[in-house]
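Student: Could you help me learn to read a protein structure, one feature at a time?

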Amino acid sequence: MTILKPNSRMIRIPISGGIREIRTLSEKLEAGGKKILHFEIGEPNFPSPEYAKKAAVEALYKGYEHYCDNSGVAELRNSIAENVYDEYGYTVDPENELIVTLGATEAIMMTLLSLFEFGDEIILLSPIYPAYADQIIMAGLTYKIIHGKFENNFLISPSEIESNISNKTKGIIINSPSNPTGVAMSKEYLNEIANLAHKHNLIVISDECYKNLIFEGKHYSISSLPGMRERCVVVSAASKTFSMTGWRIGWAVIPKEYKTYGQKAHALLTTHATTFCQYGVAKAIRESKKNPLTNLNKLKHRRDIFVSGLSKIKGIEIIPPHGGLFVYPHFIGVNNSSVEICTYLLYEAGIATVPGETFRSKDCCLRFSLGCSTEEIYECLEKLASAVKQFS
């Protein structure tokens, strides 16, 4: 007799086809002797900053190995508040408007659990990071996906968004620059989203994990627009900016009226983020004010090589990403799904990538990570050019 059964919410969440599953499969093939080019995981392949490692070790040996304030150590919250002021131009109270979380994923889960009622609807603008939909289901909420199209640079018109808002709609998640497309939302576009939020009384969760990885122009946060701080939760992390994915340090900038409840949900989920790691992230943020992010130039160089090479392959269209860690080419004139193309590339060409269907994309696209060497990109392009002929 089976006693332990998943609840109805977990049954609704897809278990297979995720990014981690692709990584596990590719590693099994690799262990069996097949050479695999890894473009599936969204992780910079640079080491974490030495000064951040040193600060974390020093904190550990100073005795910062025990519990800390649920909302994070003061040193890190102060560093984040200073960073927000430098980048967005507004003042954040580190005591009452900041919560340090166990990565950005936990920050989003904390927000969904503590701000919305069961059954509330959240709007998602596809292509989306797949965890959004799964977290919404886990929180007992519902979602409505509005599909962006390659031909429109994956940006969905405000009028289309508004036509999908109902009396059940209570929030919207935006992600700029986007994972997977790399599209960054302009200030004008964010103004339109803000107008909808005001008009329909929506809460905005703004995932800005890639905000420092902008190749052209600058990053704009919807939270900096008039009247938006009161209805916005800004989520970010050290993971991508500083190549600190395994440190699992993220944060949420929140309205002060919500702090007590958000912090309670956060404490019940994780107690708090790892104490000594927070000192390393604080050091990384402070040093970034003095030293430019040299890794950004390397990522831009990889982006340029990838975009140039993809644009020369018949059967592929590519929009140069404005920022982020990915390129997201569109396969045209094919009768195969993105899953089928992804599977073929893995088994036949030894290229591990992620199908657009994982991101709820209706266009036949694949996501390739820039967390790799230029040599691997050139090899990937060569193999890809040969493989695409099988689908034309």
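Here we talk through a pocket, a histidine and a pair of cysteines.

Tutor: Keep in mind that this is a predicted model.

Student: How much space lies in the largest pocket?

Tutor: The largest pocket holds about 1100 Å³ of space. It is lined by 39 residues, and those closest to its centre are Ile 19, Thr 105, Tyr 129, Pro 130 and Ala 131.

Student: Which helices each supply at least two residues of that lining?

Tutor: Helix H2 (19-31), helix H5 (103-115) and helix H6 (131-138) do. Sorted by class, the lining of the largest pocket has 17 nonpolar, 13 polar and 9 charged residues.

Student: Now His 266: is it buried or exposed?

Tutor: We call a residue buried when its relative accessible area is under 20%. His 266 has a value of 0%, so it is buried. You will find His 266 in helix H9 (residues 259-270). Beyond its neighbours within four places in sequence, His 266 is in contact with several residues, among them Asn 70, Glu 106, Met 110 and His 272.

Student: And how many disulfides are there in the whole structure?

Tutor: First the idea: a disulfide is a covalent bond between the sulfur atoms of two cysteines. In this structure, a search finds 0 disulfides.

Conventions: Residues numbered from 1 in each chain as written. Predicted model: local features only at pLDDT ≥ 70, side-chain atom pairs only at ≥ 80, totals over all residues. Heavy atoms only, no water. 1 Å grid on protein atoms, 1.4 Å probe; cavity = no way out; pocket = protein on both sides within 12 Å on 5 of 7 lines; lining within 4 Å. Points joined across faces, edges and corners; volume = space filled by probe spheres on them. Helix = DSSP H or I, 4+ residues; strand = E, 2+ residues; numbered from the N terminus. Nonpolar A, V, L, I, M, F, W, Y, C, P; charged D, E, K, R; others polar. Buried < 20%, exposed > 50% of the residue type's maximum accessible area, 1.4 Å probe, protein only. Contact = heavy atoms within 4.5 Å. Disulfide = S-S within 2.5 Å.
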